[in-house]
Amino acid sequence: MSTDRKKYFRGSSDGKAPTFKNPLDGVEDRYDLIVIGSGLAGMTAANVLARSGFKVLLVEQHYNLGGMATWFKRAGGHVFDISLHGFPIGMKKTCRKYWTKEIADRIVQLESIRFSNPQFDIETTFTTEDFTRHLTNTFGLSNKSVDGFFAHVRGMNFYDDSGATTGELFEEHFPGRNDVHRLLMEPISYANGSSLADPAISYGIVFSNFMSKGVFTYSGGTDHLIKLMKAELRRNGVELRNKVQVDRIIVDGGRVAGIEAHGRTIEAGSVLSNANLKSTILKLVGPEHLSSEYRKGVESVRLNNSSTQVYLGVKQGETIPFVTDLLFTSTRETFDSPSLCDKHGESRTFSFYYPKTRPGSDRYTLVSSMNAHWDDWAKLTDEEYARDKAILIEDTLTTLERLIPGTRRKIDYVEASTPRTFQFYTQHQQGSSFGTKFEGLGYSMNLSDQITGLYHAGSVGIIMSGWLGAANYGVITANKVDSFLRQLESIEA
Amino acid sequence: MTRDETILAVKDIISTIAPDEELVGLDTAVPLRDQIELDSMDFLDIVMELRKRYSVQMPEEDYGELNTLDSCADYLMPRLEGQELKLQNA
């Protein structure tokens, strides 16, 4: 095995690096709560409940914590952030309440968001004032219709779903204005994989979260954030274990009893899964423990789409002038939702990471993202896969050079990820980067009605997606777990 | 706990959840949301804190009872009977 140890395991084509010791060594036999998965929902729930005094074990299959809130390093001093693109102001309050002031204080506003496509070329701070200014001045809409739209989406809440789609919502307020629909939909599609066909209510809630004070990021980079979160989890007494592959959630007489992993059984009063909803219910639990109605329902839940990304590392010593923080770009004449997922399509976003992303650093990186379908990448031969990744990289570099001439020669590292990469690292079914569609939410929230003590939190239903949605859903679920565990304690006492 | 103490118990919890809000002079009959900035996550925090400090189990359908300080007192007084006031930010 000594040669295996030296091998550098890189990405989905190489498989996983072997582990040489049981990752559960030293873990106790029983906890109040076991959290499976360390996405922002899992970590936030673990932190809230540990702070409340419960004994918590957090297990993660990957070698880092963070789930999709992750990063990777490459030779040449490059650090690439996967999902740091931007989140709503609410994240600041969430971090302050459920994490630490130090984390919250590092949340800073992005200076600029740009759109560049055949219909319009604009720069905005994505605040209500600035967005309204564009909608009235650039797009020539009346203040009345803009205010009417904002009032409508702000007033939407989860409990009164009218059944309308997002496309119908846009058509109601801005009929025939494909350019306006593009402006409103594109950023949200990249933020959570939603489309014009998804419920208007899911759009309204997410859009209103963003459209208040602008778009925010974490100063220090994803690695810094996760490092602080890890320290806080430890401080609150959470037992953290990486590289743990959970085989099974143990159910006994309709109640959750613990987990099985690496040949061990670990008991728990409650289990909270932050793994993909469908994997949790259909694989880790198993259909025999579910009512047939619930099982069929979960089987029919649609996964959200996946993504491709291209990571561009700027050579040390080279600089890029400030262009914008986030650029939504397309050469497509008009907007439609499905084309955002086109393989080798015409629309992509660029996140520009300047030295300000990691204060003290002098490095620049760019990450280009597209939405993508699993099926377009799943069944390729190795040759086809390599060829298609090369096309993806070349298209991205060509687009970049067109937008900011002279940038291409400054890049000294490129790499692409595909739905297969996301599937490999996150174990999400079909590499889904945004959890499930809307209907997944009900099944996620009602899991404990099927199996007492078992809960799910994670990217579901579009609303509970993205950094803020995931973290807050972790807290919402933590509240239910807290209630359950306290009842359990009072019965046992 | 008296009615005044119950209201104080709720205000103390709010002061830990929303430390920047001014709680002196709140009208007990007016919805909290109309007087200070509280979102749905903050109300969830109030529910969790009530459970932690006073073992009050509030089912989801009762969350609306936290609308005003008066409705909080009506709902919580019978549930806090015989309990001592626990203040964190006093």
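In chain A, strand β11 and strand β12 (residues 264-273) pair in the antiparallel sense over 4 bridges; strands here are DSSP runs of E, at least two residues, and helices are runs of H or I, at least four residues, both numbered from the N terminus. Pairing requires that DSSP finds at least two bridges between the strands. This is a predicted model, in which local features need pLDDT of at least 70, side-chain atom pairs count only at pLDDT 80 or more, and totals for chains, interfaces and linings use all residues. Residues are numbered from 1 along each chain as its sequence is written, while chains are lettered from A and ligands numbered from 1 in the order in which they are written.

Within this pair, A:Gly258 stands opposite A:Glu267 in β12(A). The hairpin of β11(A) and β12(A) has 2 residues between the strands, and A:His262 there takes a positive phi near 50°.

Strand β10 (residues 246-252) of chain A pairs with β11 (residues 255-261) of chain A, antiparallel, over 6 bridges. A:Val251 faces A:Val256 in β11(A) as its opposite residue. With 2 residues between β10(A) and β11(A), this hairpin has A:Gly253 at a positive phi near 55°.

Finally, I turn to the two chains. Contact means that C-beta atoms, placed from the backbone, lie within 7 Å. How many residues of chain B are in contact with chain A? There are 9, and they meet 10 residues of chain A. Helix α3 (residues 40-54) of chain B supplies the largest share of the chain B side, 7 residues.

Methods. Contact = placed C-beta atoms within 7 Å.
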